[in-house]
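Welcome to this short tour of a protein model. Please take a moment with the sequence and the 3D view before reading on.

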Amino acid sequence: RNHRNTLARLHAIWGLGQLGRRDERRDETVETIAELLRAKDAEVRAQAATVMGDLEDLSYGDELTSLLLDESPRVRSFAALAIGRLGLVSAAPAVAQLLSDNADSDTVLRHSGAMALAGIARNQPQLVRDLATHTSVAVRRAAVVALRRVDLASTAAFLSDADVLVVEEAARALHDAPRETDLAPLAAIIDRPTDSDALLRRVLNANFRLGGPDRAAALAAFVARGGGQESHRIEALEMLATW
């Protein structure tokens, strides 16, 4: 762990991870990895965070959470992924702050933050559901992505979001999953005006997939009032034609 060659140190970290997963001197291994979370070399910190997540040990959750403020984006990303694997509930506020500060500018960090929330949601889904009222659009979008993995039905609450990007994310979650039981909330917003092609096509198709006279009437009303672009109205008519 004190070797001057970075690659040698990384191989040592990976080897310790393998030993720890085999329960060989596990406590000593975890303690050593925890020390490396504070190493000067950013790549050493990143790999130590990864191994800490693989070892599924919560003893150093605070140290791992502190890496979400690391100067290196790579370290922040690896720490978030490790937090997701651990399902570290206490890290939820720090993960939300990471996503808010990133503001969707770095797609890797956005993904890592969403995966951290997904892991947290496995243990306490309400913590992630509560992010529906967060001031950051980036946080709310990531919350939808996380809930899509572990609590799909709850993403329907985000359909009423004031930002179309969040609504589109919720529409993708509900529509693209192969569960028609989750389509009703999406189909119900067919009366809501929107310029989003990604959203409207999913709303129309949700009505088509659900079927029944009420959904047919909703599609007919959509066409009659001139909603959306002409291509959307044609699509709705084609759906009715094949009803």
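Two residues are said to touch, or to be in contact, when they have heavy atoms within 4.5 Å. With that in mind, Leu-68 touches Arg-76, Ala-79, Ala-80, Ile-83, Ala-94, Val-95 and Leu-98, leaving aside residues up to four places away in sequence. Keep in mind that this is a predicted model, and let's walk through it topic by topic.

- Leu-68 is found in the loop between helix 4 and helix 5.
- Is Leu-68 buried or exposed? Its relative accessible area is 4%, and buried means under 20%, so Leu-68 is buried.
- Counting from C-alpha to C-alpha, Leu-68 and Leu-86 are 15 Å apart in space, and they are 18 residues apart in sequence.
- Thr-65 lies in helix 4.
- Thr-65 has a relative accessible area of 15%, so Thr-65 is buried as well.
- The side chain of Thr-65 reaches the backbone oxygen of Gly-61 at 2.8 Å.
- Which residues does Thr-65 touch, not counting residues up to four places away in sequence? They are Ile-83, Leu-88, Ala-91 and Ala-94.

**Helix 3 and what follows it**

- Helix 3 covers residues 42–54, which makes 13 residues.
- From its first C-alpha to its last, helix 3 reaches 19 Å, close to the 18 Å expected at 1.5 Å a residue.
- How many of the 13 residues of helix 3 are buried? The count is 11, so helix 3 is mostly covered.
- Among the buried residues of helix 3 are Glu-43, Val-44, Arg-45, Met-52 and Gly-53.
- The buried residues of helix 3 pack against helix 1 (6–21), helix 2 (26–36), helix 4 (61–66) and helix 5 (73–86).
- Helix 3 is followed by Glu-56, which lies in the loop between helix 3 and helix 4.
- Glu-56 is not a glycine, although it has a positive phi of about 55 degrees.
- Glu-56 has a relative accessibility of 62%, so Glu-56 counts as exposed.
- Ala-103, in the loop between helix 6 and helix 7, has a positive phi of about 50 degrees although it is not a glycine.

- Helix 9 runs over residues 137–150 and has 14 residues.
- Its reach from first C-alpha to last is 20 Å, close to the 20 Å expected at 1.5 Å a residue.
- At the start of helix 9, a side-chain oxygen of Ser-136 comes to within 3.3 Å of the backbone nitrogen of Ala-138.
- The buried residues of helix 9 include Ala-138, Val-139, Arg-140, Arg-141 and Leu-147.
- Which helices do the buried residues of helix 9 pack against? They are helix 6 (92–102), helix 7 (107–123), helix 8 (125–129) and helix 10 (164–176).
- Helix 10 has 13 residues and reaches 17 Å from its first C-alpha to its last, close to the 18 Å expected at 1.5 Å a residue.
- At the start of helix 10, a side-chain oxygen of Asp-163 reaches to within 2.8 Å of the backbone nitrogen of Leu-165.
- Buried residues of helix 10 include Val-166, Val-167, Glu-168, Leu-174 and His-175.
- Helix 9, helix 11 and helix 12 are included in what covers the buried residues of helix 10.

- Ser-196 is found in the loop between helix 11 (184–187) and helix 12 (197–210).
- With a relative accessible area of 8%, Ser-196 is buried.
- The side chain of Ser-196 reaches the backbone nitrogen of Leu-199 at 3.1 Å.
- Setting aside residues up to four places away in sequence, Ser-196 touches Val-164 and Glu-168.
- The count comes to one cavity of 30 Å³ or more, and the largest cavity has a volume of about 40 Å³.
- Which residues line the largest cavity? The lining is made up of Ile-189, Arg-192, Thr-194, Leu-199, Leu-200 and Val-203.
- By class, this lining has four nonpolar, one polar and one charged residues.
- Leu-199 is one of the lining residues, and its backbone nitrogen is reached by the side chain of Ser-196.

Technical notes
Residues numbered from 1 in each chain as written. Predicted model: local features only at pLDDT ≥ 70, side-chain atom pairs only at ≥ 80, totals over all residues. Heavy atoms only, no water. 1 Å grid on protein atoms, 1.4 Å probe; cavity = no way out; pocket = protein on both sides within 12 Å on 5 of 7 lines; lining within 4 Å. Points joined across faces, edges and corners; volume = space filled by probe spheres on them. Nonpolar A, V, L, I, M, F, W, Y, C, P; charged D, E, K, R; others polar. Helix = DSSP H or I, 4+ residues; strand = E, 2+ residues; numbered from the N terminus. Expected span 1.5 Å × (residues − 1). Buried < 20%, exposed > 50% of the residue type's maximum accessible area, 1.4 Å probe, protein only. Polar contact = N/O pair within 3.5 Å; in protein donor to acceptor, adjacent residues only side chain to side chain.
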